Amino acid sequence: MNKIFKEWGWVILAGAAVLMLGLILRLYHLTLLPVFVDEAIYIRWAQVMRAESTLRFLPLSDGKQPLYMWLVIPFLKFVSDPLFAGRIVSVLSGMGTLVAIFLLSYQLFKSEKAALISSLLYAVSPYAVFFDRMALADSLLSMFGVWILLLGTYAVRKLRLDFAMLTGFALGGALLTKSPALFFAILFPSVWLLSKSPKGKKNITIHLIKLIFLSFIAYIIGYGLYNILRLGPNFHMIGLRNQDYIFPVSHLWTNFKDPFVSHLKESFGWIWAMGPSLALPMAVMGILYGLIKRRFKETLVLSGWFLFPILVQSEFAKVFTARYIFFSLPYLFVLAGMVFLFESRLLRKIAIFAIILLFVLAVKFDYSLLTKPERANLPGGERSGYLEEWTAGQGIKEIADYLRTEEMKNPGTKIVVGTEGYFGTLPDGLQIYLNDVPEIIIIGVGIDIRETPQSLKESLKAGNKTYLVINKSRFKGDAKIQGLSLIAEFPKPPRPLDAREYVTKGPQEFLLFYQLNE
């Protein structure tokens, strides 16, 4: 034990510090950013699935795999804030990714420094910090991906059946999380390059048979777990909904450049803005080092796991946002950590300077994310979706608290709240906070409301306290004429012309909270 601590003591202490830093960055002010539309839907599904066991496959109705929601359910039992309960799953997934990055880097290069730097880059990366703090399935998918590569590497290098089985469980977890797990299944055979091929034609043949057998076991377990979803009544919806997000294969030869070129630019633009940026040139240096120093196989595998999903999605994705390439990023950080394999003192000094600069820039970005997200230099699409538009849920928690207080003041009185839309940010966002108050009924009443919905008029006539929650841009009526009194309005950050310039572009969005009067 003393020998292990003597040899690995500084690595254990440094690794614990990196892990603690990553955990703090992901836990601090975890619910500061308002609930996002998909978060509201996923958490609401988890609440319904927890309450009714026959609906454990509810997400399949929208073509979504349910593992993330299954993992949220236990936290709903012990955590009072549903948004925190949903996001803590992503926080823990991010920590799992961080550990796997360290182990993967060390397994490939046998360098404690390279492994620590790779995990440190992930720990402080604003890209990772941002999405590891969201109640979305992307962080969980990313974690499974790194573990598939790590365990698969162990399996083919040691020719171990147990590691092949563990790889299969990780693959199954990924397939139960999100459809892009298909990339992991496609890329998995690339780990064969990392095996140690014996000499002699006969030995090579036997070795190849063993690799095929181990991979077969991994696939059998992975897709065996995936087929659990066939127990749900809407398994077919996964394939149908996937078609809404991707172009057919024929798009490759009918219109190759559109949207490939623009999406590829967007991908590296997101990485440059949130990566943080210096990780890209460091990764390029790591790739060059790997090619020069005969680390060709490791470099090729890591580059493939990083680039292949980005290239394919750039060509075929109809909808493309920063979180869709998040699961590709861990391998970028492993490549960037390779700069600490340099033997040249000059290159090492340059690498150390780059790490310090990268760390400072990343922590500065992270500070904005954790204190004032509207001041963070987020890419335009992310800023718009998570902060400025109807998809962002500023004011929902405050409205829920107000309604809960009203119900406590008048126990037994029914409260009806009409919301913009029928699912998503507003109805689901309110329901996740009021799930335990049956006297408060949330109903969707449509979009672009010009007149008071008939359902709300009837509720008022029945003697219920009745409210309307809607975004300002979608309210086309006249509040005074319709007998609506404004209780509160909740502003969203102004739309900037540029993320670095806080200049308003277009009307600022507000969430309006009205009460209906006689």
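**Salt bridges and a helix in a predicted model**

At 35% relative accessibility, D401 counts as partly exposed, a class that lies between buried, under 20% relative accessible area, and exposed, over 50% (1.4 Å probe, protein chains only). This is a predicted model, in which local features need pLDDT of at least 70 and side-chain atom pairs count only at pLDDT 80 or more, while totals for chains, interfaces and linings use all residues. Residues are numbered from 1 along each chain as its sequence is written, and side-chain values use heavy atoms, with hydrogens and water left out.

The side chain of D401 meets that of K397 in a salt bridge at 3.1 Å, N to O, the term being a side-chain nitrogen of Lys or Arg within 4 Å of a carboxyl oxygen of Asp or Glu. Both residues sit in helix α19 (residues 396-409), 4 residues apart, about one turn of the helix; helices here are DSSP runs of H or I with at least four residues, numbered from the N terminus. K397 is likewise partly exposed, at 32% relative accessible area.

The structure holds 17 salt bridges, and one of them joins R26 and D132 at 2.8 Å, N to O. R26 lies in helix α1 (residues 2-27) and D132 in the loop between α6 (126-131) and α7, so this pair ties together parts that are 106 residues apart in sequence. Both R26 and D132 are buried.

Turning to R241 and D62, their side chains meet in a salt bridge at 3.2 Å, N to O. Since R241 belongs to helix α11 (residues 237-242) and D62 to the loop between α2 (37-51) and α3, the pair ties together parts that are 179 residues apart in sequence.

Technical notes. Helix = DSSP H or I, 4+ residues; strand = E, 2+ residues; numbered from the N terminus.
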